[in-house]
Amino acid sequence: MNKEKILLPGLDKQIDFLKKNLLAEVSSALVIGSASEIPAATISKKFNCTVEVIVEDYESLLNSKLLLGNESNINARLMDFEVTDFDSSSFDLVYAQASISSIKRNKIVKEINRILKPGGYFCVGEIVALNKSVPRFVQDIFDSSNLLPLFNNDLAGYYLERKFTLSGNADLTNTLKEYFSINADLLKSSKGDLTQQEKSYYKKLLHKISHESNAYLKLGADKYIGFVVLLLQKGVE
């Protein structure tokens with residue numbers, strides 16, 4: 001794959017964090033979420049390992065297969081994140097960038113714990129709330145994407161309660177301004193390339209991107225929304 005910017009909250013900083021902080025050997029890895037092809041390719045190259053990528057919708061699956069092309073060590077599949085087809089203790093590493101900060105988090109994390117090998121690592125980037133209470137327009141952003149962000153100060157404790165140990169963490173909130181700016185620019189430039197039928201088809205998505213970018217960049221949502229990456233290790237039973 002060509003080196004391009006990762007168009008997810010955290011941008012390239014989460015995968016850079018993983019490369020710097022994970023020194024263990026990895027023979028099998030799972031990457032969760034759409035638009036995660038660059039992290040998957042980076043992990044495969046860095047650790048010389050096989051990588052499974054799972055997404056939850058068919059369009060994301062087609063995009064992943066197209067972007068991954070001839071990456072022979074990477075396999076993209078359609079799967080529910082909270083109920084996968086993988087055997088227990090399948091992976092040395094699970095990587096999720098802004099893909100599990102959802103109302104289904106508890107079930108997804110339980111499944112990740114199941115499919116991780118004892119002593120395996122989980123690198124998770126989470127959308128977090130910077131205040132325990134947020135204004136209505138910020139809550140609307142969370143609700144429209146089925147997000148259930150944890151309060152920033154509670155994030156590590158959530159995973160410690162689930163028998164993970166914390167190996168490292170970083171606050172990547174400073175990437176969000178660039179992330180939303182890129183989205184706003186892409187939206188502006190792509191609208192002219194879309195047919196009327198495509199605009200109609202993507203109307204809800206385009207409105208969502210526009211609303212979120214505007215809220216973060218102009219309306220003050222940056223005071224309430226953050227992004228944090230954790231490197232966690234599953235306990236050895």
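Modeller: Let's start with a definition: buried means under 20% relative accessible area, exposed means over 50%, and partly exposed lies in between, using a 1.4 Å probe and protein chains only. This is a predicted model, in which local features need pLDDT of at least 70, side-chain atom pairs count only at pLDDT 80 or more, and totals for chains, interfaces and linings use all residues. Residues are numbered from 1 along each chain as its sequence is written, and side-chain values use heavy atoms, with hydrogens and water left out.

Colleague: Thanks! Why is Glu 56 called partly exposed?

Modeller: Glu 56 has a relative accessible area of 34%. That value lies between 20% and 50%, so the label is partly exposed.

Colleague: What makes the contact of Lys 104 and Glu 56 a salt bridge?

Modeller: A salt bridge is a side-chain nitrogen of Lys or Arg within 4 Å of a carboxyl oxygen of Asp or Glu. Lys 104 and Glu 56 are 3.2 Å apart, N to O, so the pair qualifies. This pair links distant parts of the chain, 48 residues apart: Lys 104 is in the loop between strand S4 (91-97) and helix H4 (105-115), and Glu 56 is in the loop between strand S2 (50-55) and helix H3 (58-68). Helices (H or I, at least four residues) and strands (E, at least two) are DSSP runs, numbered from the N terminus.

Colleague: How many salt bridges does a search of the whole structure find?

Modeller: The search finds 11 salt bridges. One of them joins Glu 111 and Arg 114, at 2.7 Å from N to O.

Colleague: How are Glu 111 and Arg 114 placed in helix H4?

Modeller: They are three residues apart in helix H4, so about one helical turn separates Glu 111 from Arg 114.

Colleague: Which residues are linked in a network of salt bridges?

Modeller: Lys 5, Asp 12 and Glu 178 are linked in such a network. The closest N and O atoms of Lys 5 and Asp 12 are 3.7 Å apart, so this pair meets the 4 Å limit. Asp 12 is buried at 15%, while Lys 5 is partly exposed at 36%.

Colleague: And why is Lys 163 called exposed?

Modeller: Lys 163 has a relative accessible area of 65%, which is over 50%, so the label is exposed. Lys 163 also has a positive phi near 70°, although this residue is not a glycine.
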